[in-house]
Amino acid sequence: MEEPNLNYIKEIADGNETFERELIAIIQSEFPMERDAFVKYIEASQLEHAAEMVHKLKHKFNILGLTSTYESAVSLEEELRANNASSIDFFLTILDSLNSQIQEL
């Protein structure tokens with residue numbers, strides 16, 4: 001499984017460590033809520049709403065340099081919009097693993 005890296009965050013912060021920490025704090029705050037919302041929508045079989053949460057999450061993956069995770073999110077978003085939930089268990093495993101990694105950044 002991929003691990004987050006801060007290369008992109010460092011690049012856009014351009015040496016501003018305060019901005020860097022603020023951006024990381026936003027991701028740390030939003031990620032668990034978006035993960036929980038995704039699970040709630042899946043449990044309620046609201047696949048279109050679940051796809052919207054994946055759309056939000058995938059941008060965090062991109063910011064954290066998680067290329068293959070981002071690609072998995074793109075695929076899952078498309079599947080969910082087509083009313084297909086076959087990749088959900090795999091994606092939940094990714095989210096659970098990333099949640100603790102993100103909190104440790």
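These legends walk through a few views of one predicted model.

Residues are numbered from 1 along each chain as its sequence is written, and side-chain values use heavy atoms, without hydrogens or water. Because the model is predicted, local features need pLDDT of at least 70 and side-chain atom pairs count only at pLDDT 80 or more, while totals for chains, interfaces and linings use all residues.

View 1. Helices (H or I, at least four residues) and strands (E, at least two) are DSSP runs, numbered from the N terminus. From that end the order reads α-α-α-α-α. The C-alpha trace spans about 45 × 20 × 20 Å along its principal axes. With 105 residues, a compact globule would have a radius of gyration near 13 Å, and the 14 Å of the chain agrees; this radius is taken over C-alpha atoms, and the globule rule is 2.2 Å times the number of residues to the power 0.38.

**View 2. Helix α3 (residues 47-63) meets helix α4 (residues 67-81).** Their axes come within 9 Å and cross at roughly 165°; axes are lines fitted to C-alpha atoms, for helices over the stretch in contact, and angles run from 0 to 180 degrees between N-to-C directions. That makes α3 roughly antiparallel to α4 (angles under 35 degrees count as roughly parallel, over 145 as roughly antiparallel, 65 to 115 as roughly perpendicular and the rest as oblique). Look for the contact (heavy atoms within 4.5 Å), where residues including L47, V54 and F61 of α3 and Y70, V74 and L80 of α4 take part. The residues of this contact divide into ten nonpolar, three polar and five charged. Here Ala, Val, Leu, Ile, Met, Phe, Trp, Tyr, Cys and Pro count as nonpolar, Asp, Glu, Lys and Arg as charged, and the others, Gly among them, as polar.

**View 3. Helix α4 also packs with helix α5 (residues 88-103).** The angle is about 140°, with the axes 11 Å apart. That makes α4 oblique to α5. On the α4 side, T69, S72, A73, L76 and L80 meet I88, F90, F91, I94 and L98 of α5. By class, this contact has eight nonpolar, two polar and no charged residues.

**View 4. A closer look at E34, in helix α2 (residues 17-43).** E34 counts as buried, at 9% relative accessibility (buried means under 20% relative accessible area, exposed over 50%, partly exposed in between, with a 1.4 Å probe and protein chains only). Leaving aside neighbours within four places in sequence, E34 is in contact with M53, K56, L57 and K60.
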